[in-house]
Amino acid sequence: MTDATSDSRAGAISPRIFVLTMCTFAFGSAGFIFAGLLEPMAADLGVSTAVAGQLQTAYVLTSAVLGPVAAWMLGRLDRKLVILLGLSLAVLMHIACAMAPDFRSLMAVRAIAGVAGALSGSSASVAAASLAPPERRGSALAMVTGGMTLAFVVGIPIGSVVGSIFDWRATFVVAAALAGLALAGVLFFLPRVPAPPRRAGGRLELKGIWPLYATSFLTFAANMTLNLYIGPIVRVGAGVTGAGVAAFQSMIGFGAAMGLWLGGRAADRGAGKAWILQSIALQSLAMSMHWSATHHLLPPGLASQVLVAAAIFVAATALFSISPVTQSRLVQMTGGAPVALALNGSVFSMGQALGSTLGGVALASFGVPAIPAAALAMSFVAFAVLSVAFPRTEKAANPAG
């Protein structure tokens, strides 16, 4: 078997999809690789923690803005080639981040690094949709998104541990190494994945798919209001600093694994609005738990630590149970058009940018306990908007039933 089509005919998810998880693993790790060291990094660079957090904003905004442009310009190229281009750029930019002499330089390089994510992320999703048969696309996309899970379980905690042993610059060396491993995996093990055919009319109809984009934007905004500032949250809520933060970061990965498993099964059976709203409600519960922890409603020590860990797990489960549902529906409605999936990646990134900005404003204005309050407010907004905007025709879209 030398191409994606032959694997799709086999009636099961191709093992080669696991190679694609390496791409999202590298991308997800790079996005938050420095989160556990945000406070010492800010001190070393001579900026506030809230300002340092905007390194994530620069990264995801560039990905959001340039993602659809890159998908349009490279839409007729083989997906494997596009992924290789993105990962090669990622290796170079992460090394440049490790060598940046000051905050301004680091901000500029992080912005360019966002282009790497724009190139590789959406192309990995397109390749996964091509490698899987239609009735298993939800599970296939969940596997690829599972690279983000692995990032929080392994990649980001490794970055925190390495950075605490050496310094924050070492975290970007870890990010470059992970991108290099993904590059090797794709180069040697991923088959050619031709670009999907152009849609009739040559353009997307946003009328039917914009609620999917709104879902991605609002749910990621709510979650990332808190996730980037996980170091301060764990310090205040659980009383843990340094390498110990890595253990709490790994809870994001375990929760994401649970969410992707649940979401993949839900997508395969055609779930939609009800599933998304109950997931947002679960996310709101998690943010309330974080609020309780940062306001010390439980005694310090083990009780508070368990509460924070549980809140992180529940929030990740809720968020990642939504992604396979929206992505599967998007593939069904657009035929897996690269621009459609790139736009979805863009709204993911825009949501992260809004969340990191809201979290930074809350931190700078009112301190760490205000971060979960802002995340909870954003969750309420997401629930209210999607209660009205998301269509109710969940199961009709799945021919497999």
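A charge counts as sitting over a ring if NZ of Lys or CZ of Arg is within 6 Å of the ring centre and within 35 degrees of the ring normal.

**View 1. Arg-110 meets Tyr-59.** Here the charged end of Arg-110 sits over the Tyr-59 ring, 4.1 Å from the ring's centre. This is a predicted model, where local features need pLDDT of at least 70, side-chain atom pairs count only at pLDDT 80 or more, and totals for chains, interfaces and linings use all residues. Residues are numbered from 1 along each chain as its sequence is written, and side-chain values use heavy atoms, leaving out hydrogens and water.

**View 2. Ring pairs link Phe-34, Trp-168 and Phe-172 into a cluster.** Rings of Phe, Tyr and Trp (its six-membered ring) pair if their centres lie within 6.5 Å; planes under 30 degrees apart are stacked, over 60 edge-to-face, the rest tilted. By that rule there are three aromatic pairs. Phe-34 and Phe-172 make a tilted one, 6.0 Å centre to centre with 35 degrees between the planes. This pair links distant parts of the chain, 138 residues apart: Phe-34 is in the loop between helix H2 (17-32) and helix H3 (38-45), and Phe-172 is in helix H9 (residues 169-189). Helices are DSSP runs (H or I, at least four residues), numbered from the N terminus. Trp-168 and Phe-172 have ring centres 6.2 Å apart and planes at 90 degrees, so they pair edge-to-face.

**View 3. How buried is Phe-172?** Phe-172 has 0% relative accessibility, so it counts as buried (under 20% relative accessible area; exposed is over 50%, partly exposed in between; 1.4 Å probe, protein chains only). Trp-168 is buried too, at 6%.

Terms used: Helix = DSSP H or I, 4+ residues; strand = E, 2+ residues; numbered from the N terminus.
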